[in-house]
Amino acid sequence: MGLFDVFTRKQPLSGPREDLPPDVKNVVQILRKVKDPETGLDIVDEGLLYGITVEGRSVELFLLMARSTPECHFCQMLAINLQNKILSDIVEVLKQEGFNKIKIYNEIGLLLAEG
């Protein structure tokens, strides 16, 4: 690698990495069912999902939920409601697939939801 290679912009990978364990790939595919109500995109393609730990029927998810926060207090409330909808949808689809212990954290490690 040359001195300035760190500054070249590389194209982000599309979809989950190929070297993921099968159980993690399965969870990624399940989470494609969860849509952001605002954009209509699934949370995987939208880039909200950045970490998964799967142990048997337990799963821990790490989401990148920090977005630009609107200055309008009413808009902040709408953003919180959208976030809560996404979290409840995640818990619901994973429970439907047989996961019995679900924990969802944000980018700084705060527990957002569990089921």
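This is a predicted model: local features need pLDDT of at least 70, side-chain atom pairs count only at pLDDT 80 or more; totals for chains, interfaces and linings use all residues.
Strand E3, residues 101–105, and strand E4, residues 111–114, pair in the antiparallel sense, with three bridges. Tyrosine 105 sits opposite leucine 111 in E4. Five residues lie between the two strands of this hairpin, and glycine 109 has a positive phi near 90°.

Now let's step back to the sheet. Four strands make up an open sheet in the order E1-E2-E3-E4, and the pairing is mixed. At the edges are strand E1, 49–55, and E4, each pairing on one side only. From one strand to the next, the twist averages 15°.

Further in, strand E2, residues 58–63, runs parallel to E3 in a pairing of five bridges. Here glutamate 60 faces lysine 103 in E3. Helix H1, residues 22–31, packs on the sheet and touches E1 and E2. The direction of H1 makes about 125° with that of E1.

Last stop: the loop between H1 and E1, where you'll find aspartate 42. Is aspartate 42 buried or exposed? Its relative accessibility is 7%, so aspartate 42 counts as buried, given that the cut-off for buried is under 20%. And what does its side chain reach? The side chain of aspartate 42 comes to 2.8 Å from the backbone nitrogen of aspartate 45. Leaving aside residues up to four places away in sequence, aspartate 42 touches Leu31, Arg32, Val34 and Lys35.

Note on methods. Residues are numbered from 1 along each chain as its sequence is written. Side-chain values use heavy atoms; hydrogens and water are left out. Two strands pair if DSSP finds at least two bridges between them. Axes are lines fitted to C-alpha atoms, for helices over the stretch in contact, and angles run from 0 to 180 degrees between N-to-C directions. Contact means heavy atoms within 4.5 Å. Buried means under 20% relative accessible area, exposed over 50%, partly exposed in between (1.4 Å probe, protein chains only). A polar contact is a pair of N or O atoms within 3.5 Å; within protein, one must be able to donate a hydrogen and the other to accept it, and residues adjacent in sequence count only if both atoms are side-chain atoms.
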